[in-house]
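Today I am opening my notebook on a new structure and writing down what I look up, entry by entry.

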Amino acid sequence: MTSATSTTTRRLATTAALAALPLAVLGLFFLLPVAGMVDRGLRPDGVLDPGAVLEVLMRPRTGRVVWFTLWTATMGTVVAVVLGLPAAYVLHRLRFPGRGLVRAALLVPFVLPTVVVGVAFDLLLRDGGPLAGLGLAGTPAAIVAGLVFFNVAVVVRSVGATWEGLDRRPAEAAAALGAGPWQVWWTVTVPALRPAVVSAASVVFLFCATAFGVVLVIGGVRYASVETEIYLLTANLLDLQAAAALSLVQLLAVVALLLVSARLRTTADPTRSRVVAAPRRPARGDLVPVVLTALVLLAVAAPIAALVVGSLRVDEAWSLASYRALGAEPGDGAGGQALLVPVTDALLNSLRTAVDATWMSVLLGLLVAAVVTRRSRSRAERRVRSLLDGLFMLPLGVSAVTLGFGFLVTLGRPPLELRDNPLLVPVAQALVALPLVVRTLVPVLASVDERLRQAAASLGATPARALLAVDLPVLWKPLVGAAGFAFAVSLGEFGATSFLARPDHPTVPVVIFRLLGNPGELNYGMALAASVVLAATTAGVMLAVERLRVPSLGAW
Amino acid sequence: MTLRVRDLSVSYDGAPAVRAASLEVPAGSTLAVLGPSGCGKSTLLRAVAGLEPPDAGTIGWLAGEGAEVEDLTRVPTHRRGFALMFQDGQLFPQMTVGRNVAYPLRLRRTPVAARRHRTAELLDLVGLQGYADRLPTTLSGGERQRVALARSLAADPRLLLLDEPLSALDAGLRERLAADLRDILRAAGTTTVLVTHDHEEAYAVADRLAVMRDGVVVQQGATAEVWRHPHDAATALFLGYARVLERDAATPVLAAAGLGPASAVALRRSALVLAEHPGTGGLSGRVVSWRATPDQVRLVLDVPGVGEVDAVAGSSGPPVGLAVGDEAQVTVDPDRLAVV
């Protein structure tokens, strides 16, 4: 009995030790700023004023913004799923030359900086752009298109990973009982895919509903979602109370959505090893999905192509002038007048920040994943673990703008004078990337059969040796993959960074946004060129990650 | 109503799995394809079901005497009218037992009343009355296989294909289910091809046997016939014969059984029986080892000119006074050996 008690104590102590650092970081750099921001809004003069919150929520504009957010997110989700399913099938069940390249190409939009995507769509649709004839410039349809562009990769990846692992024998059993291809699809394949589709759809909805850069760049002030409205209220109108009220609404909605998707999330049975069905050659019946996939690929390529072409055109002629201007010192004729430093400096800042954000989020993510996936011995223990799991998903749903402004409010004055600490921006970015890292690592760690560790222990391996022999071989690829994701997220992060980056130490997305906000052909050209450089850097990281064949963007 | 497979070859990525296999399964009979794992028997079955494209050969169906052979080689699985039952049943996990069994009926839009009636009838046939509302995950392995069998029969197939239907089950259950399976197939009157690596299962269920090795069908015929006359030594060993004696070593044993010389003889473990009284046996040898089993005592004897052979002592308990190194006499039971 005594030894059992001491074992339990030791287990709990280990868990607490593992969880301590992530919890401290989350508490200091996430919960505190968000709470500070919310507090500021709810108690503007030190007294609780719920009436004011209600007043904000009753404003007609608030209603319009919420409605706009809901329907664009819904449309974006539906279209992304409809386009993503055929592509998931083609890229994960069929075999054809160049498949890996197409997969990687479709993954690139997901990690492109939101500001870049906004610029690319604007370029494609604006007057004089290749698709100006559609008359979509600055319309909600363009915003939805931007959201789909981003999220189709999520559907392709997470549904594709499930599809790839689908046992083909139930389908064969149905066929052997007389079911035709459509009957097999509806009675066997759809029920098997449904959980993956639902969870992909819920995370896409979450991403769409909290999208910031795309909506801000394409929609401007005319169309605001909750997220951009918080930004406008905070940064431009200084109506903190309204911003806090909206943040609160968003936080509650996101928590509810996370709870729902956590319930829908299916964890793989670790005792069943994942078998990847051998892909087959495309047959005549695959014509429709193949054509749809080609169209998706085209739709993904078009904005990027427009961006690259646009960056190379100056005064109706081909020129590298925009790129040359990136390195010029501000003020000396060739460079833009909008900036304090050359764009190349911003790029260096971005890379340095991304390196810091990456190691931070990977370290934290690893600790969180280890805590969350440890085998629970009691119901209470399991509940604590799933609570922690949910807690570290929160940054996914809290407006990056809220987070960024919360940093300013709570960490910019004593006792926490961190405002000028160079690690502040990486920390914020690491928190934004953390859910992605955790969700990539958790399924992998959870899929390690506990009996393998026990077998290692029974052969005399210490826990550390067991970790080396059992966990490391399956973990290292996803770990490098997660690091790549974190790096890409950090490079493109705009919402929080736009608040926190000091004017003389901007990152590239911040610079792009500033360039866009200033008139002048040169500023616009530099914004395009900077976007191309940023996109190429992130795409390069992602292609390297793709070579590692990390199975999915995490199981949501 | 005959399945006729002619010179069928199937390969995986260029490696041949089935080579020029020919089979004939007459109406209402059960053919067991018997072979060690990896011999290509499951591939053969999947090709018959239409799940593996053949490189060469034909799969035909003969509706009756004198009828035209229907060529099924390029017909997709769901139009062949064959039902394949998988080794692990492959029940649809999201459907109840009743809905699983009714699945082929729903595919054919059978009216609800008839569907319900047929489902109940089939569950009755496989001995699972009252299981209709259970979910597959709540069933034992044996029950799951019964449901899978009922579901396959619900498709009213002209040919039933069973892929190792009992090998996922434990020994005792396997024996009982094999007998049940035979009775159910007889009652349903369905023409069946069964694939197995277990010769006892094949013997218990099938009335015809085809033995496969390395992708080739080495022998086929009525079960008893194949048993009596294995094609070669390897086939005999696979059919459960304990030892094969070749050339000169075979002669003394055959003589003791009252048979003429042959090139080889396959012996079951119980072909040689320890003589009750000294001097009455046809063969004698030195005891190399012995061990007791619940049913009998098993000995290994070294017979001059023959080598080591197995023998049994009829009664349980160690033979009185017999020790390793002693001389022992045995009689040879001609029904328990096969001339190869």
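**Entry 1: chain B as a whole**

I began with burial: of the 340 residues of chain B, 41% count as buried. My rule is that a residue is buried if 20 or more other C-beta atoms lie within 10 Å of its own, exposed if 12 or fewer, and partly exposed in between, with C-beta atoms placed from the backbone.

A note on what I am looking at: this is a predicted model, in which local features need pLDDT of at least 70 and side-chain atom pairs count only at pLDDT 80 or more, while totals for chains, interfaces and linings use all residues. Residues are numbered from 1 along each chain as its sequence is written, and chains are lettered from A and ligands numbered from 1 in the order in which they are written.

I then looked up the extent of chain B, and its C-alpha trace spans about 75 × 45 × 40 Å along its principal axes. Its secondary structure comes to nine helices and 18 strands; helices (H or I, at least four residues) and strands (E, at least two) are DSSP runs, numbered from the N terminus. Of the contacts in chain B with a separation of 6 or more, 66% are between residues 24 or more positions apart. Two residues are in contact if their C-beta atoms, placed from the backbone, lie within 7 Å.

**Entry 2: the four-stranded sheet**

In chain B I found four strands in an open sheet, in the order 2-1-4-5 and with antiparallel pairing. Two strands pair if DSSP finds at least two bridges between them. Strand 2 (15–25) and strand 5 (69–71) of chain B are the edge strands, each pairing on one side only. From one strand to the next, the twist averages 25°; axes are lines fitted to C-alpha atoms, for helices over the stretch in contact, and angles run from 0 to 180 degrees between N-to-C directions.

Next I went through the pairs. Strand 1 (residues 2–12) and strand 2 of chain B are antiparallel and share seven bridges, and B:Ser11 has B:Pro16 in strand 2 as its bridge partner. The hairpin of these two strands has two residues between them, and there B:Asp13 takes a positive phi near 50°. Strand 4 (residues 56–62) of chain B is joined to strand 5 by three bridges, again antiparallel, with B:Leu62 partnered by B:Val69.

B:Asp7 has a positive phi near 50° and sits in strand 1 of chain B. Is B:Asp7 buried or exposed? B:Asp7 is exposed, because it has 12 other C-beta atoms within 10 Å.

B:Asp156 also has a positive phi, near 50°, and I located B:Asp156 in the loop between helix 4 and strand 7 (159–163) of chain B. With 16 other C-beta atoms within 10 Å, B:Asp156 is partly exposed.

**Entry 3: the six-stranded sheet**

Chain B also has an open sheet of six strands, in the order 6-7-8-3-9-10, and its pairing is mixed. Strand 6 and strand 10 (216–222) of chain B each have a single partner strand, so one side of each is left without a neighbour in the sheet. Here the twist averages 15° from one strand to the next. Strand 9 (residues 208–213) and strand 10 of chain B pair in the antiparallel sense over six bridges, and I saw B:Met212 opposite B:Val217 in strand 10.

**Entry 4: where the chains touch**

How many residues of chain B are in contact with chain A? I noted 18 residues of chain B, in contact with 13 residues of chain A. On the chain B side, strand 6 (82–85), helix 2 (97–107) and helix 4 (141–154) each supply at least two residues. That side divides into 11 nonpolar, five polar and two charged residues. Ala, Val, Leu, Ile, Met, Phe, Trp, Tyr, Cys and Pro count as nonpolar, Asp, Glu, Lys and Arg as charged, and the others, Gly among them, as polar.

**Entry 5: a look into chain A**

My last stop was helix 4 (residues 99–111) of chain A, where the buried residues include A:Leu106, A:Leu107 and A:Phe110. Among the elements that cover the buried residues of this helix are helix 3 (60–93), helix 12 and helix 23 of chain A.
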